[in-house]
Amino acid sequence: MASVEGGSLVLFSTEIAQPEIDIAALVVTYSRLLFRVAHSVLRNQAEAEDVVQDVFVRVIESRRSIQAIRDMRVWLVRIAWNLALDRRRRIRPEQIDESFAESLATNTAPADERLAEAQRMSSVLREMDRLPRAERCVLLLSAIGELGTAEMAKVVGRSESAVRALLFRARTRLRERLEEQGGGR
Amino acid sequence: MINSEETIGKVLAGLRDAQASPGLERRILATVEVRTSQRQAAKPSWTWGVAIVSVVAACLFLAITAIYRHGQPSTQAQHHAAPAESAGDAQEALLLSQKPLTSTRSPIRVATPMRRVKTISAEEAVLLRDMRVPSHPAPEAPLTNEEKLLLRAVHLGDPQVMAMLNPEVQAREEAESEAEFQKFVDQSSKDIQEPNQPTE
């Protein structure tokens with residue numbers, strides 16, 4: 001694997017003709033983070049990996065203007081986030097959410113309990129999608145666990161205090177809606 | 001209450017702990033490499049583009065130069081053709097009809113406006129030859145009645161009439177006629193007076 005990555009690194013360095021832009025290093029450093037960003041939106045492994053590939057293709061295409069980018073990490077996260085949202089519009093998220101919820105359910109529990117837990121998780125995912133856009137965005141980015149408030153603020157284009165407020169409102173609104181559903185049942 | 005918070009936490013933890021399949025970096029690098037090579041194969045490199053543009057520009061320059069050089073002698077030939085009209089017109093028209101005008105360049109530059117002269121066809125050459133033929137005198141106008149009478153008198157050769165055409169002869173003739181008339185009048189008056197006299 002190291003040899004493959006090393007060969008790709010040399011190839012990209014000669015193609016780009018800008019030694020400071022090392023695509024292989026970017027892939028090694030950020031691919032896992034970008035995968036989680038895309039997966040938080042798509043909740044599907046294959047789709048998220050496709051998004052990560054598309055991110056680095058975009059990096060290659062915009063390599064001439066890449067020198068002007070101050071925060072590479074935030075820039076890549078924003079690309080992955082937008083590509084994932086775009087891809088989610090083309091797929092059927094209901095079926096994907098059900099399979100993801102089933103994968104989250106505890107395998108050791110009995111089948112009926114596992115099914116009920118999967119249904120509860122499906123309802124959580126469904127209510128997350130019904131949140132206002134800014135709240136949903138902040139909630140998902142915070143769920144990744146690798147982005148600080150300042151980075152989330154750059155990704156969503158808000159201030160840090162606004163991000164904290166959005167995160168608080170998102171958690172509160174999501175909990176209230178789920179409790180309403182539980183009371184109704 | 002606790003259930004909902006716990007479920008939210010599980011879902012968010014599941015999103016956080018999502019793991020890509022092994023070998024993600026290698027697959028991404030391979031994919032990016034393939035896409036980049038496809039994109040480069042689809043697009044011609046900029047050096048080829050520069051070469052193509054250079055060749056096209058050179059062809060355009062040569063074509064414009066050739067057109068300009070074709071245009072100048074033909075206009076000069078038109079200007080210099082006027083003096084040599086009579087003898088070589090037929091040959092010139094024949095040459096004009098057979099080939100475009102690329103003949104000798106005159107050392108004298110004629111200030112002519114930039115005008116493009118196209119190749120002359122056979123029909124145009126005939127018209128050009130007719131145009132360059134020297135103009136003849138105008139045909140004679142028909143004679144007036146006076147001229148016809150004069151011509152008839154001249155051709156008859158009547159001496160008296162011919163003499164009348166001379167003003168001196170005419171004046172002398174008129175003087176003689178006047179004198180004869182006066183003589184006749186005088187003679188007549190004498191004859192009238194004599195019978196009145198007593199003759200008895």
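# A tour of chains A and B

Begin with chain B, where 81% of the contacts between residues at least 6 apart in sequence join residues at least 24 apart; two residues are in contact if their C-beta atoms, placed from the backbone, lie within 7 Å. The model is predicted, and local features need pLDDT of at least 70, side-chain atom pairs count only at pLDDT 80 or more, and totals for chains, interfaces and linings use all residues. Residues are numbered from 1 along each chain as its sequence is written, while chains are lettered from A and ligands numbered from 1 in the order in which they are written.

**Chain B.** Helices (H or I, at least four residues) and strands (E, at least two) are DSSP runs, numbered from the N terminus. Of the 200 residues in chain B, 9% are buried, a term that requires 20 or more other C-beta atoms within 10 Å of the residue's own, with C-beta atoms placed from the backbone.

**Chain A.** Select chain A next. Its secondary structure comes to 9 helices and 0 strands, and buried residues make up 36% of its 185 residues. Among contacts in chain A with a separation of 6 or more, 59% are between residues 24 or more positions apart.

**The interface.** Display both chains and select the residues in contact across them: 37 in chain A and 25 in chain B. On the chain A side, the elements that give two or more residues are helix 1 (2–16), helix 2 (23–42), helix 3 (45–61), helix 6 (111–130), helix 7 (133–144) and helix 9 (160–184). Helix 2 of chain A supplies the largest share, 10 residues. By class, this side of chain A has 21 nonpolar, 8 polar and 8 charged residues; Ala, Val, Leu, Ile, Met, Phe, Trp, Tyr, Cys and Pro count as nonpolar, Asp, Glu, Lys and Arg as charged, and the others, Gly among them, as polar.

**Helix 2 with helix 7.** The axes of helix 2 and helix 7 come within 9 Å and cross at roughly 135°. Select A:R36, A:V37, A:S40 and A:V41 of helix 2 with A:L140, A:A143 and A:I144 of helix 7, which make the contact. By class, these are 5 nonpolar, 1 polar and 1 charged.

**The nonpolar core.** Finally, select A:L34, A:A38, A:V51, A:V52, A:V55, A:A80 and A:A84, which touch the most other members of the 58-residue largest nonpolar core. Such a core is a set of buried Ala, Val, Leu, Ile, Met, Phe, Trp, Tyr and Cys residues joined through C-beta atoms within 7 Å. Helix 2 of chain A gives the largest share of this core, 11 residues. Centre the view on A:L34: leaving aside neighbours within four places in sequence, A:L34 is in contact with A:V52, A:V55, A:L76, A:V77 and A:A80.

Methods:
Buried ≥ 20, exposed ≤ 12 C-beta atoms within 10 Å, placed from the backbone. Axes fitted to C-alpha atoms, helices over the stretch in contact; angles between N-to-C directions.
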